[in-house]
Amino acid sequence: MLRVFWCVLLRDLTLALRRRTDVLTTLFFFIIVVSLFPLGVGTERQILQILGPGVVWVAALLASMLALERLFAADYEDGTLEQMVLTAQPLSLLVLAKITAHWLLTGLPLVLIAPLVGMQYHLSDDAILIMMLALLLGTPVLSLIGAIGAALTLGLRGGGILLSLLILPLYIPVLVYGAGAVTASGIDMADTRPYLALLGAFLVAALTFAPLASSAALKISIE
Amino acid sequence: MLAVTQLQCKRGDRLLFSGLDFAVAGGTLLHVRGANGSGKTTLLRSLCGLFTPDSGEIRWKGEPTRRLGEDYRRDLLYFGHLNGIKGDLTGIENLRIAATLDGDRVEDSAIWAALARIGLVGFEDLPTRMLSQGQKKRVALARLILSKAPLWILDEPFTALDVGAVDLLETLIAEHVAHAGIVVLTTHQEVGLTSGQVERLHLGG
């Protein structure tokens with residue numbers, strides 16, 4: 001089981017390394033969107049501190065959407081997805097490996113770049129720490145939920161826009177609690193715990209159901 | 001080993017075939033024929049479980065394939081219109097991943113040998129997108145050499161292959177059938193088989 005998981009994970013990471021542009025576009029998209037706001041609304045310290053958490057999270061949602069479309073599409077086009085469905089392995093395990101690779105390539109870089117981005121919004125050290133924690137818990141949820149949408153819209157014409165319409169509403173809870181955690185850290189660090197706990201609960205729930213739901217959706221899309 | 005009863009498939013509203021019955025025993029080549037659009041690919045995809053037939057049942061060793069699930073897929077090798085190889089990975093990497101996903105532990109030396117046999121010496125370490133159509137197909141066909149699956153389902157395996165590769169593929173199929181394997185294939189050309197049984201199934205008309 002683990003060997004197969006590793007195999008698919010390494011495969012997707014190798015593929016991404018050979019096509020670095022896909023990974024870098026997501027990261028630069030995130031950085032640019034986040035940087036546009038201070039330029040647009042001015043450098044007023046207080047406004048930026050209020051805006052910061054929400055802007056970072058919205059940018060993270062959009063950035064994670066960007067690469068989602070390609071999650072299964074490339075494998076679908078060259079027939080490797082078909083072969084994956086036909087292997088003697090649980091499809092949900094292979095899907096989970098693909099989602100993990102997607103998160104490592106698109107979610108984790110956002111977590112790591114967050115301190116740099118936070119500084120543009122004059123966020124305190126505490127707020128930045130909480131933002132990183134919240135992103136660490138929240139971005140995998142984005143990849144997991146997004147995978148269901150990517151599997152459902154696979155092979156459809158104009159699937160990209162449909163995918164956004166389908167998935168963005170489902171991202172709302174993560175957005176609310178993710179941004180909420182950072183805002184709460186400005187009042188009292190202890191207040192952030194329930195937010196983080198809820199994000200953790202989302203992660204556990206998504207980890208349990210999303211691979212199963214995506215693999216079921218994939219089987220339908222492949223027909 | 002492979003038995004199909006009263007199979008009916010539709011594509012949209014169009015009925016492709018209905019009431020299809022056949023059984024294939026070990027050591028047999030089943031050659032599915034029919035005009036373009038007669039449902040050959042749909043039949044083959046139904047046999048794999050990639051397509052859900054409207055009615056009818058497909059049994060493998062007496063058990064419905066739907067219920068066997070992973071146990072059936074372990075016995076199956078499907079070769080479709082798409083090669084199922086990654087253009088950014090080398091031939092070696094592609095085959096190694098395919099073998100791992102099939103649950104086989106294949107030595108790298110075996111993969112090199114398979115690629116050598118299929119006629120790709122010197123191309124093993126190139127990303128497969130640099131190869132020609134026929135060479136890509138050869139990489140995909142090297143899976144046949146490495147696979148231990150008793151049931152091969154091959155959809156148009158001979159297209160884009162040169163004379164040498166066609167000969168080799170015919171040899172591989174003959175060897176597989178001689179070892180009591182089953183091959184179900186569609187092709188518009190005659191397949192020369194020296195041993196084993198060849199059965200023909202005509203779809204449409």
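Me: Two residues are in contact if their C-beta atoms, placed from the backbone, lie within 7 Å. How many residues does the contact take from chain A and from chain B?

Reply: This is a predicted model; local features need pLDDT of at least 70, side-chain atom pairs count only at pLDDT 80 or more, and totals for chains, interfaces and linings use all residues. Residues are numbered from 1 along each chain as its sequence is written, and chains are lettered from A and ligands numbered from 1 in the order written. The contact takes 21 residues from chain A and 24 from chain B.

Me: Which element gives the largest share of the side of chain A that touches chain B?

Reply: Two elements of chain A give two or more residues to this side: α1 (2-18) and α5 (80-85). Helices are DSSP runs of H or I, at least four residues, numbered from the N terminus. The largest share, 7 residues, comes from α1(A).

Me: Within what arc do the buried residues of α4(A) fall?

Reply: Helix α4 of chain A spans residues 70-78, and its buried residues (20 or more other C-beta atoms within 10 Å of their own) are Leu71(A), Phe72(A) and Asp75(A). They line one face of the helix, because, seen down the axis of α4(A), they fall within an arc of 65 degrees.

Me: Which residue just after α4(A) takes a positive phi?

Reply: Just after α4(A), a phi of about 85 degrees is taken by Gly79(A).

Methods
Buried ≥ 20, exposed ≤ 12 C-beta atoms within 10 Å, placed from the backbone. Arc of directions from axis to C-beta.
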